[in-house]
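Hi everyone, thanks for making time. Let me put the model up, and then we can walk through it together.

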Amino acid sequence: MVAAFALPILQHLEGSKPRARHPLVLVVTPTRELALQIHGNFESYGRNSGVTCALVFGGVGEAPQIAALGRKVHVLVATPGRLLALAKE
């Protein structure tokens with residue numbers, strides 16, 4: 001099911017250059033488990049495309065997630081709570 005929206009996004013992003021601290025695509029999902037699944041599928045489907053993906057969700061340390069965002073990503077998969085918390089910083 002994730003492939004239905006992930007594959008067209010990956011095709012559109014292929015060859016594009018991410019900008020610093022501004023992901024080109026934001027996927028917001030209600031649960032950590034679903035965020036992990038969606039992120040894993042983007043990573044799997046886009047393995048050879050050059051599209052980069054980051055994941056942010058609550059319940060774990062913020063520092064590694066902030067560092068991941070600093071590496072210029074195309075796709076950000078996030079849960080609402082952590083996304084809002086990081087946006088305030």
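Let's begin with the sheet: 3 strands form an open sheet in the order 1-3-2, with parallel pairing. Strands here are DSSP runs of E with at least two residues, helices are runs of H or I with at least four, and both are numbered from the N terminus. Two strands count as paired if DSSP finds at least two bridges between them. Strand 1 (25-28) and strand 2 (53-56) are at the edges with a single partner strand each, so one side of each has no neighbour in the sheet. From one strand to the next, the twist averages 15 degrees; axes are lines fitted to C-alpha atoms, for helices over the stretch in contact, and angles run from 0 to 180 degrees between N-to-C directions.

Before going further, a word on the model itself. It is predicted: local features need pLDDT of at least 70, side-chain atom pairs count only at pLDDT 80 or more, and totals for chains, interfaces and linings use all residues. Residues are numbered from 1 along each chain as its sequence is written, and side-chain values use heavy atoms, leaving out hydrogens and water.

Back to the strands. Strand 1 pairs with strand 3 (residues 75-78) in the parallel sense over 4 bridges. Val25 has Val75 as its bridge partner in strand 3, and Val28 stands opposite Ala78. Helix 3 (residues 62-69) packs on the sheet, touching strand 2 and strand 3, and its direction makes about 155 degrees with that of strand 2. Contact means heavy atoms within 4.5 Å.

The largest nonpolar core has 15 residues, and Val27, Ile38, Phe42, Val75 and Val77 have the most contacts inside it. Such a core is a set of buried Ala, Val, Leu, Ile, Met, Phe, Trp, Tyr and Cys residues joined through side-chain atoms within 4.5 Å. Apart from it lies another core of 8 residues, including Leu69 and Leu86.

Arg82, in helix 4 (residues 80-88), is buried, at 10% relative accessible area. Lys72, in the loop between helix 3 and strand 3, counts as partly exposed at 40%.

Key
Buried means under 20% relative accessible area, exposed over 50%, partly exposed in between (1.4 Å probe, protein chains only).
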